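Please look over the sequence and the structure before reading on.

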Amino acid sequence: MDVGGGAVAGDGASSTSSAVSQWTFTLSQRYQHLLDKSTPNVLYRWIFFATIAFIFAVRVFMVQGFYIITYALGIYIIQLLIAFLSPQVDPEVDGPTLPTRGSDEFRPFVRRLPEFKFWYSLSKAVCIAFVLTFFSAFDVPVFWPILLFYWLVLFVSTMKRQIMHMVKYKYVPFTFGKQRYGKKAPSTDERSVSKP
């Protein structure tokens, strides 16, 4: 009776699972490295998102279907947008922590959903929706203008509520036009002196 034969089979299975786990670990490390490198490149990340969203839209247009997938993606985008525009600490629930008067201490706006996670979630959702368009089980026949109308009503009502919340608690979730501190551009006198 050879007991060692079972051990060899077990070692083969464990070495296979070890190789697969090592491969998945290496793959996840490379993926995380790419994400880490993309973090400071805000413009390029959003160009990438616009490209994959355009590819998804072209796919839906060419197939003339998968409107339920598109509707679900639209609702998910609204949910992410609300989290992106909302403060991390909601003044309605936790009391007014945002400055309401000029004499109040300045506190920067901190989003509930940071910009990188917003971009990442949107990109992941569009990629998943794109993959789902290759399975005919998800192509439910619907009258798409009704879905579009429902989505528009939902978008307008939620954005109206969010804007009313912003006005009531006096916060702006964008950084456009806010003063930034850093390197200042050299004046014309400094440029003329530095030239040989």
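The model is predicted. Two packed helices are described by the angle between their axes and the distance between the axes.

**Helices H2 and H5**

- Helix H2 covers residues 42-63 and helix H5 covers residues 115-132; their axes come within 10 Å and cross at roughly 25°.
- Angles under 35 degrees count as roughly parallel, and H2 and H5 are therefore roughly parallel to each other.
- The crossing of H2 and H5 is left-handed.
- On the H2 side, the contact residues include Trp46, Phe48, Phe49, Ile52 and Phe56, and on the H5 side they include Phe116, Phe118, Trp119, Leu122 and Phe130.
- Arg45 and Arg59 of H2 and Glu115 of H5 are also among the residues in this contact.
- Sorted by class, the contact of H2 with H5 has 16 nonpolar, 1 polar and 3 charged residues.

**Helices H3 and H6**

- Helix H3 (residues 67-85) packs with helix H6 (residues 144-169) at an angle of about 5°, and the axes are 10 Å apart.
- H3 and H6 are therefore roughly parallel to each other.
- H3 contributes residues including Tyr67, Tyr71, Gly74, Ile78 and Leu85, while H6 contributes residues including Trp144, Tyr150, Trp151, Thr158 and Gln162.
- The contact of H3 with H6 has 16 nonpolar, 3 polar and no charged residues.

**Annotated spans**

- An unreviewed UniProt entry gives the annotation "transmembrane region" to residues 42-62, 68-85 and 118-136.
- In the model, residues 68-85 are 100% helix and 0% strand, with the end C-alpha atoms 26 Å apart.
- Residues 118-136 are 79% helix and 0% strand, and the end C-alpha atoms of this span lie 29 Å apart.

- Most residues other than glycine have a negative phi.
- Gln64 sits in the loop between H2 and H3.
- Phe66, which is not a glycine, has a positive phi of about 60°.
- Phe66 is placed in the loop between H2 and H3.
- Is Phe66 buried or exposed? Buried means under 20% relative accessible area, so Phe66, at 5% relative accessibility, counts as buried.

How values were computed. Residues are numbered from 1 along each chain as its sequence is written. This is a predicted model: local features need pLDDT of at least 70, side-chain atom pairs count only at pLDDT 80 or more; totals for chains, interfaces and linings use all residues. Side-chain values use heavy atoms; hydrogens and water are left out. Axes are lines fitted to C-alpha atoms, for helices over the stretch in contact, and angles run from 0 to 180 degrees between N-to-C directions. Helices (H or I, at least four residues) and strands (E, at least two) are DSSP runs, numbered from the N terminus. Angles under 35 degrees count as roughly parallel, over 145 as roughly antiparallel, 65 to 115 as roughly perpendicular and the rest as oblique. A crossing is left-handed if the near helix is turned anticlockwise from the far one by less than a right angle, and right-handed if clockwise. Contact means heavy atoms within 4.5 Å. Ala, Val, Leu, Ile, Met, Phe, Trp, Tyr, Cys and Pro count as nonpolar, Asp, Glu, Lys and Arg as charged, and the others, Gly among them, as polar. UniProt positions are given in the numbering used here, feature names are shortened, and annotations may be inferred rather than shown by experiment. Buried means under 20% relative accessible area, exposed over 50%, partly exposed in between (1.4 Å probe, protein chains only).
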